[in-house]
Amino acid sequence: MSELWLYPLRKGQTLAGFSWYPLFGDQLRGSTFVNRSVARGVAGRADIGTALLLWTEAFASDPAGTLPDDDVVLAQFAKYGTDLDAWAAARTGALYGWSPCLVETEDGDTVAALGHRVIAREVVKMLTRKIGHDQNREAARRAQRRARVKKALAAMPAVRPEWVEDSALHDRIADLLDAGGVYINADTVRGALREHLGVNAEFRKAIKPVPG
């Protein structure tokens, strides 16, 4: 039986776009890690700074909160560069609380990594908040684009009144224009109606652009 624990996030679950990470100063100051590091003198105190560098890399990793079990990469993360001997001397202290774990990939396999149970608990909370923020931001963006489509439709004399109030139609037009990277205005909404939404011939004629 494997002694590795299963990390709570899988590959692809990141905190991309987040640049703020919790430190929990009271918990850190009174932690076994800090107390042991300080008791070791200058070398131990240096481990605290190295650990902080590794924590920031972990928050930015995929999945969030993990580190690669690779000393060459870890030495780079810890700012030791190619000095693997110096990293080896600092490794045990700087990686206090970290242990090998398994990370589930998007296709159902697992890969090895290093995980920290306290950090793992926090990144799960952070990811939940991030998903909520992203969903709210996307909902606001879609609402704004629907409003622009509705305004453009309302300005067209040939449009049926019910179309002006049809939010599903507004979404469809907005999605069409989104897919093409097109800004929403009267001309682009008119073009979406003419070319993509199968409006009848009489309406297509009525919404031809006015010659400038």
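Guide: A cavity is a set of grid points where a 1.4 Å probe fits but cannot get out, and its volume is the space filled by probe spheres set on the points. In this predicted model, the largest cavity has a volume of about 40 Å³. With a threshold of 30 Å³ or more, the count comes to 1 cavity.

Visitor: Which residues line the largest cavity?

Guide: The lining consists of Arg141, Arg142, Arg145, Arg146, Asp171, Ala174, Asp175 and Asp178. Helices α6 and α8 (167-179) each supply at least two residues of that lining.

Visitor: Why is lysine 130 called buried?

Guide: Buried means under 20% relative accessible area; lysine 130 has 12%, and is therefore buried. This lysine 130 is found in helix α6 (residues 117-154). Leaving aside neighbours within four places in sequence, lysine 130 is in contact with Thr14, Leu15, Ala16 and Phe18.

Visitor: What makes α2 oblique to α3?

Guide: The axes of helix α2 (residues 32-39) and helix α3 (residues 42-59) come within 6 Å and cross at roughly 140 degrees. Angles over 145 degrees count as roughly antiparallel and 65 to 115 as roughly perpendicular, with oblique for the rest; α2 is therefore oblique to α3.

Visitor: Which residues of α2 and α3 meet?

Guide: Phe33, Val34, Ser37 and Val38 in α2 meet Gly44, Arg45, Asp47, Ile48, Ala51 and Trp55 in α3. By class, this contact has 6 nonpolar, 2 polar and 2 charged residues.

Note on methods:
Residues numbered from 1 in each chain as written. Predicted model: local features only at pLDDT ≥ 70, side-chain atom pairs only at ≥ 80, totals over all residues. Heavy atoms only, no water. Axes fitted to C-alpha atoms, helices over the stretch in contact; angles between N-to-C directions. Helix = DSSP H or I, 4+ residues; strand = E, 2+ residues; numbered from the N terminus. Parallel < 35°, antiparallel > 145°, perpendicular 65-115°, else oblique. Contact = heavy atoms within 4.5 Å. Nonpolar A, V, L, I, M, F, W, Y, C, P; charged D, E, K, R; others polar. Buried < 20%, exposed > 50% of the residue type's maximum accessible area, 1.4 Å probe, protein only. 1 Å grid on protein atoms, 1.4 Å probe; cavity = no way out; pocket = protein on both sides within 12 Å on 5 of 7 lines; lining within 4 Å.
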